[in-house]
Structure formats: C-alpha cells, structure tokens
Amino acid sequence: MNIYFFKLASLFYLLGTLFYSVYILFLKDALSKLAAVIVTIGFASHTLAFLTRYVEAGYPPVTNLHESLSFFAWMIVGVLLAANLKYKIKVLGAFLTSIALILMLFAFALPKEIVPLAPVLKSFWHPFHVAFAFLGNAIFTLAFCCGVMYLIQEHQLKSKKLGALARRLPSLKVLDDLNYQALTLGFPLLTLGIITGSVWAEYAWGRYWGWDPKETWSLITWFLYAAMLHQRLTVGWRGRKAAIMAIVGFFSVLFTFLGVNLLLPGLHAYSNW
Amino acid sequence: MELFVLGLNHKTAPIEVRERLTFQESELEKALLRIHSLPSLKENMILSTCNRVEIYAAAGETEKALQDLKDFLSQHHHLSLREFEKSLYFLVGEEAVRHIFRVASSLDSMVVGEPQILGQIKSAYTLATESKTSGLILHRLLHRAFHVAKRVRTETKISNSAVSVSSVAVELAERIFGNLGTRVIFLIGAGEMCELAARHLVAEGAGNILVTNRTFDRAVMLAQEFNGEAIRFEEMALGLKRADIVISATDSPQYLVRHDQISKVMKERKQKPIFFIDIADPRDVEPGVGDIENVYLYNIDDLQKVANENIKDREKEAQKAEAIVENEVVKYANWYQSLEVTPTIAALKKKCDGIRKRELEKMLSLHPHLPEKERHSLEALTSAIVNKILHDPLTRIKQNDEEGMTVVYIDALRTLFHLPDQTGEECKEED
C-alpha cells in the first residue's frame, strides 16, 4: 500500500516538474498554478505513503536509505509548499520539485521491504533526530536553490544582460532575503537534530559523541552554517558570498547524508543495501 | 454605411508635414463638430498625436466623405491639398478595422509596443463621445480595439521588455532590489538629466531622494521639488553610504566616484547592494567600481545596449500580435455584416414565428380534440398578432436612412431579441 502511494507521489512530482519547466519556457501563470496544484496532490499522496508505511511497519519509517530519501523528498516538497504560501517565487517550484523527484527515483531503486526494526533504532529520540535533521536539510536545499538562482541573476546583471533568463528569476533582494531566512530557520533545526542525535547515541551506544564519520561530518556542516550566520551578522556577508556559502553548505549536507553512508564505514551505515 | 479612416503617420509623412496637420488639443472639439456638420459624414473621431493624424469616420458614401474631409483638412490647416495629399492613406471597411486594431495594440507605432498610444486613443474616443460626434459604429469599433489591445498586452510579451533607457534603468533596479518602495535615490548633479531619471523612478514608487550638486543652492531647489534632502558636495560620501540607487549626471571632466572610495563605503554599508546609473558624458563613475561585490554599475551605453536588445525581442512578439489582430478583424467583420437590414429582418421574423409555432403546438397538444376549424382560426390569430407587432418596427428600419439611425436600430434589435450573427456567435461587447 505504501509503495503504491509512493509511486503515485513520484508520478505527481514528475508531472509537477514538467509543468514547472513548461511554465519557465512560456511564463504562463496558469501553468505554474497548475503545477503547484499537482505538487500539492503529490505531497498529499506522499503523506499517505508515509502514514501507511508507519502503520504497516509499526514504527516511524525513517530507518533505512529508501525511507530516509523518501522522507527527505517529502520534507523538501513540504518546504516548497510553505514557501509558496509566503513568497511568490514560481521558479522555485521547478528547482525543488525536480530535486525531490531525483530523491524519489533514487529511493525507488533501493530495497523497499519493511524489515524488523534493528534494536539500536528502537528509541524515543531517533524519530525526532531524523525529523529535525531532515527538515533542516530541506530548508538548506531551499537556500541552495536560492543561492544558485542568485549567482545566475547576479551574473546576468554584472555582465549587463537583461534577457529572458534574468526576467524569469526573482530579484537579488528576494533571493538573498530568502537565503537568510532559510539560514535562520535551518540552523536551529540542524542544531536540534545534532542534539537529539547525540541523546539517542547515549541510549544506543552509551556515549553522546563518538567521532564516527556521520557525527564528524554533521559537526563540519554545523560549523559551516554557524560561520555563515556569524559572517552575515557581523561583516555583512550577503549576496554573492552568502549564495556561494549556501551552495557549499548544501554539498556538505549531502555528503553528511549520503556520502558518509556510501563511502565511509560507521555506525550510521546500518542499512545493508 | 461604411467605416473608414483617413490619415497620415510617421511612415507616410515626414515630420514637417505631420506637424502642420496636427490638431491642437484646444481646437479638437471644434474640428470634430465641423466634420460632423458635413452632410456626408455620420460619425467621426480625430486621433492626433506627434506620430499620426487620423480621422476615423462612418459615412454612407465614402467617396464623397473622403473629398469633404480632404477639403476640410486643407481649409482647417491652411494648406493646399497638394502639399499633403500624397502622404494620406484612406482605408475602408475591413482595412480600416485592421488599421485601428494595429494602432491600438501599438503595432503601428514608431517604437512597437510602447503603451502610450492606447491612452491617446482612449482620450480621442472620450472627446468624440462627449462631443456626440461618434455613434454606434465607432463606439463598437473602439471598444473592440481596446479589447484587442488588451489581448495583445496579456497574450504576447510585446510590452514586457523595457525599450527606453529610463525604463531599462527601472527594470534593472527592480531586478536588484525587488520592490522600489522604500529605496533611497541619490542624485549627483541637479541638472535636467538627473531630474528626469529620478522622476521615472519615483513614478515607479521609489521613496526618498537625496541630492548633491556643486552649487548647493541648486541641490536644495531640486531636493525641495521631490520632498527630498540636499547634501553638500564635499559630503557626497554620506549620500553614498545611505543610497540604494545613485544617479550621476554632472559635467565634471574627471571621475567623481572612485573605486577605492566605494570599496570603503561598501564595508560601512555592510555590503548592502548599491546600483549606480551613470548617465554623464564623460563618465562620473570610474568603470572599475562595477567590479566591486554587490555594486552594479551601468552607464548610458550599457542601458542603451539593453534597450536595443529588447527592441529585437519585441519584433518577434509583434508577429504573434498580428495574428491576434487578424482573428479579431474577422470577428468584427461578422458583427458588421450582421448590421445589414435584410438578414436582420429575416432573423427576427424567424425567431418570432418560431416562438409562435412552439407555443401553439404546446397549447394544441393539451387540447387534442379541438376541431380542425378552430385550429385554423388559432393559427391565423397568432400569425396576425406576431405580424402586427412586428409591422411598425420593421417598417421603420426599412425606411431611408437619413440620420444614420438604421444601424443603431438593427443593433438594438439584435441585442434585445438575442439574434445570432452569421457565424451564430454573439458579438458581445467587452472593455
């Protein structure tokens, strides 16, 4: 059942990506509205996928890579829908929906069976750890998209072109503001994710911190975002620098999440796939 | 009755001819009424801008009306016909419709896509309506023209891109700052160039104005005009620290704003972005300033280059607009043809007779045992009622059309009785 909803959600994200792309080509507002509706339906279906899997498994389904990728995509689309409520940046949908789609396809290729929960994951803290970390990551994904758009727009303006590309992207001010907002929301979430993770580690392995690769890399990521926030508030690292930092930060997030699991052995790499 | 346009524009007449045929705003109403007094013309409207002088009119005999109008133009402007006759174009019927649709959509403008023309047509139409020189034909024509212009504006990107230097500057500012609402504009130089550029930005919503000038008094004067603030020339750095948009247009032979100075200012500003518009010649802002992070520098040539590229884009969009115009011309032609007397009478008769027959059948089916004779009497009675009711109105619209009222009656009949035109489509009015 959960796989059915999962596939349905992926299909809607695919359609949403297509409609957003066509919107970017032709700039017809109706298309972006339609895309937003499609993505919302996809999100609803994705929510059902999560809930049904929760019921079928009997525990929060955030325990292997398939589940985490799907959860990450779910959070990203959730962040997109929330951002749509506040900001009128239609191209954002094209970026975030396509990222969510890629994550879904990746998750789809992985083993999807529900297996008995590993004892180490049976913890009150684990689901909180995952929820905070991924909501933070989803918000950093938004910041990453803003950073990319910022660099493109800035390049257009500096090279004195005001063509089709520049007209499709939001103003520098909006992109920079959103980047900053994402930072102020994402950073506390990341912090909470690390703290709850460390509390869980105390229950699971009897120590709060053990310098395993995942822990080390999440700390590196945390320092990156902390530095970003600090520089912004003290010497005004905004605009281009902030955009680049958001992109660097996002890669660090990705590496912490995926790279560590794939490349470095450690306690977090429990899922054998 | 036929619709036509007589006129000249920037393509057919040089400026020397155009300016002599232009109507001053003050004399427009008199001119409208004088044309209206010509017996050959039923309706008229004058569109007079710096790029075109056109008379839109409806007349029974167009050839006669054309001659009368030419004579009128020659008398009114004290010109012999020879001097301007070659520049005139005279378009009748569908051609005239296409023409005004293209003009209203700004396809016939000197700068394709510039939006002023629509406003000019609207005021020309308002004046003709107020002077009561326009009637049903022009009324419908103009409303369709406004509708076409709106379609072109929303369905193509013809007016999207900025094609004048000042509108490019506004668009760039919006790309950088988003909303211009609370932005601070700093004018270096209190000359006319600066003032114009500032007015444009203020019209788009920009907020505070700061002015500096070598002669402080001029700065104070200009600042007062904008409810702004004057800054002494030696204290320019204060303005640079506060401003979001700097417009510079002095005749200073050397750079006034230098790289080192702005590098320092940017630190003080905590990297808040700043946009320099250097419209001075020679330039006021050192070109290297544009390389500093969060600083955007455009000089007059840069702005002009962007504007020129946008003009190319517009030409592509213009082709889409032409297709919309063609589509609307066909729709209008259908409506116009429906104003013929004979098909209208036929349609009206058909409709009334249809109602009569249906009602009669309904009644007869309720009384199946009614004798044949009574049925015939009922048939005759209902026919007579319908014919008697229709008799007076139909006689009236068949009469000779001295006052040009027939089209009004026909249109009223078609609207009130909901009669379809040839295509079966309702030609509804839209603004």
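**Domains of the two chains**

Into which domains is chain A divided? In this predicted model, chain A comprises domain 1, residues 1–117, and domain 2, residues 137–273. The C-alpha centres of domain 1 and domain 2 of chain A are 20 Å apart. Contact between these two domains of chain A involves 23 residues of domain 1 and 22 residues of domain 2.

For chain B, the domain assignment gives domain 1 (2–155), domain 2 (165–306) and domain 3 (341–416). Between the C-alpha centres of domain 1 of chain B and domain 3 of chain B there is a distance of 41 Å.

The lining of the second largest cavity includes Asn2(A), Phe6(A), His46(A), Ala49(A), Phe50(A) and Arg53(A). Pro61(A), His66(A), Glu67(A), Ser70(A), Phe71(A) and Trp74(A) also belong to this lining. Two or more lining residues are given by each of helix 1 (2–26), helix 2 (29–57) and helix 3 (65–86) of chain A. Helix 3 of chain A supplies the largest share, with 5 residues. By residue class, the lining of the second largest cavity divides into 6 nonpolar, 4 polar and 2 charged residues.

**An open sheet in chain B**

In chain B, 4 strands form an open sheet with antiparallel pairing, and their order is 2-3-1-4. Why is one side of strand 2 and of strand 4 of chain B left without a neighbour in the sheet? Strand 2 (41–48) and strand 4 (89–92) of chain B stand at the edges and have a single partner strand each, so one side of each lacks a neighbour in the sheet. On average, neighbouring strands of this sheet are turned by 15° against each other, direction ignored.

Strand 1 of chain B, residues 2–9, pairs with strand 4 of chain B in the antiparallel sense over 4 bridges. Opposite Leu6(B) stands Phe90(B), a residue in strand 4 of chain B.

**The helix across the sheet**

Helix 3 of chain B, residues 62–76, lies across strand 1, strand 2, strand 3 (52–59) and strand 4 of chain B. Relative to strand 1 of chain B, helix 3 of chain B runs at about 30°.

Technical notes:
Residues are numbered from 1 along each chain as its sequence is written. Chains are lettered from A and ligands numbered from 1 in the order in which they are written. This is a predicted model: local features need pLDDT of at least 70, side-chain atom pairs count only at pLDDT 80 or more; totals for chains, interfaces and linings use all residues. Side-chain values use heavy atoms; hydrogens and water are left out. On a 1 Å grid over the protein atoms alone, a cavity is a set of points where a 1.4 Å probe fits but cannot get out, and a pocket is an open set with protein on both sides within 12 Å along at least five of seven lines; lining residues have an atom within 4 Å of a point. Ala, Val, Leu, Ile, Met, Phe, Trp, Tyr, Cys and Pro count as nonpolar, Asp, Glu, Lys and Arg as charged, and the others, Gly among them, as polar. Two strands pair if DSSP finds at least two bridges between them. Axes are lines fitted to C-alpha atoms, for helices over the stretch in contact, and angles run from 0 to 180 degrees between N-to-C directions. Contact means heavy atoms within 4.5 Å. Domain bounds come from an automatic or database domain assignment.
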